Amino acid sequence: MKNMIFLMIMSLLYSCAAPTTEVSNNSNETYAANLKVAQKFMQLHEVEDLESQIALLSDDLQHEPPRYGSEMQDKDGFINDVKMYQDEFENMDFNATYWLPGSDSLGNTNGSVRVYGVWTATHTATQKPITLRSYHYWDFDENGLILSVGDYFDATGMMMSLKD
């Protein structure tokens, strides 16, 4: 009887053990390289260098825009959004609060990059200043190009605040 209880307890403990998964030895190196690309992308946005930003994008890019009711969009849709912000705003500045490594669905780092921060800018047409908290993520392909990007901030509220 004691042996049966012991086996039941051991089985229970074993079944509760955290699963082990092998994490690539180069995940930190991959993250470091991808972090540089993400930071460069943001710096290029601040100086409105669209052509250099486009060079960092995969042709298969998928973008999750911040607008209410929006659908995923492709590379061309993303480029149009980036261009719109560059046309509508000046003196854009991104102040990162946290740059973080991303992970897969099991919590293993996968080389992706996440950032929380605050955008400030001036709306060109109205000269109204904005301060906008945001979250952005980037996933990368095997060539180090941005494969997917997501932007989370109150884009609709921001644009409504700029109306006269």
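How many cavities of 30 Å³ or more does the count come to? The count comes to 1 cavity in this predicted model.

**View 1. The largest cavity and the residues around its centre.** The volume of the largest cavity is about 290 Å³. Its lining comprises 21 residues. Those that lie nearest the centre of the cavity are His 45, Tyr 85, Trp 119, His 136 and Phe 153. Sorted by class, the lining consists of 16 nonpolar, 3 polar and 2 charged residues.

View 2. Two helices, H2 (27-46) and H4 (75-88), each supply at least two residues of the lining of the largest cavity. The strands S3 (89-103), S4 (109-123), S5 (129-140) and S6 (146-152) likewise each supply at least two residues.

**View 3. Pairing of strand S1 with strands S6 and S2.** Strand S1 covers residues 57-64 and is joined to S6 by 4 bridges, the two strands running parallel. Within this pairing, Leu 57 has Ile 146 of S6 as its bridge partner. Strand S1 is also joined to strand S2 (residues 73-74), here by 2 bridges and in an antiparallel arrangement. Gln 62 has Asp 74 of S2 as its bridge partner.

**View 4. The aromatic pair of Phe 94 and Trp 99.** The model contains 9 aromatic pairs by the rule applied. One of them is formed by Phe 94 and Trp 99, with an edge-to-face geometry: the rings are 6.5 Å apart centre to centre, with 75° between the planes. The angle is over 60 degrees, and the pair therefore counts as edge-to-face. Phe 94 has a relative accessibility of 11% and so counts as buried, because the limit for that class is under 20%. Trp 99, at 24% relative accessibility, counts as partly exposed.

**View 5. The aromatic pair of Tyr 116 and Tyr 135.** These two tyrosines form a tilted pair, with 4.8 Å centre to centre and 50° between the planes. Tyr 116 belongs to strand S4 and Tyr 135 to strand S5, so the pair ties together parts that are 19 residues apart in sequence. Tyr 116 has a relative accessible area of 41% and is therefore partly exposed.

**View 6. A cluster of aromatic rings.** Phe 94, Trp 99, Trp 119 and Trp 138 are linked into a cluster by ring pairs.

Definitions and conventions. Residues are numbered from 1 along each chain as its sequence is written. This is a predicted model: local features need pLDDT of at least 70, side-chain atom pairs count only at pLDDT 80 or more; totals for chains, interfaces and linings use all residues. Side-chain values use heavy atoms; hydrogens and water are left out. On a 1 Å grid over the protein atoms alone, a cavity is a set of points where a 1.4 Å probe fits but cannot get out, and a pocket is an open set with protein on both sides within 12 Å along at least five of seven lines; lining residues have an atom within 4 Å of a point. Grid points are joined across faces, edges and corners, and a volume is the space filled by probe spheres set on the points. Ala, Val, Leu, Ile, Met, Phe, Trp, Tyr, Cys and Pro count as nonpolar, Asp, Glu, Lys and Arg as charged, and the others, Gly among them, as polar. Two strands pair if DSSP finds at least two bridges between them. Rings of Phe, Tyr and Trp (its six-membered ring) pair if their centres lie within 6.5 Å; planes under 30 degrees apart count as stacked, over 60 as edge-to-face and the rest as tilted. Buried means under 20% relative accessible area, exposed over 50%, partly exposed in between (1.4 Å probe, protein chains only).
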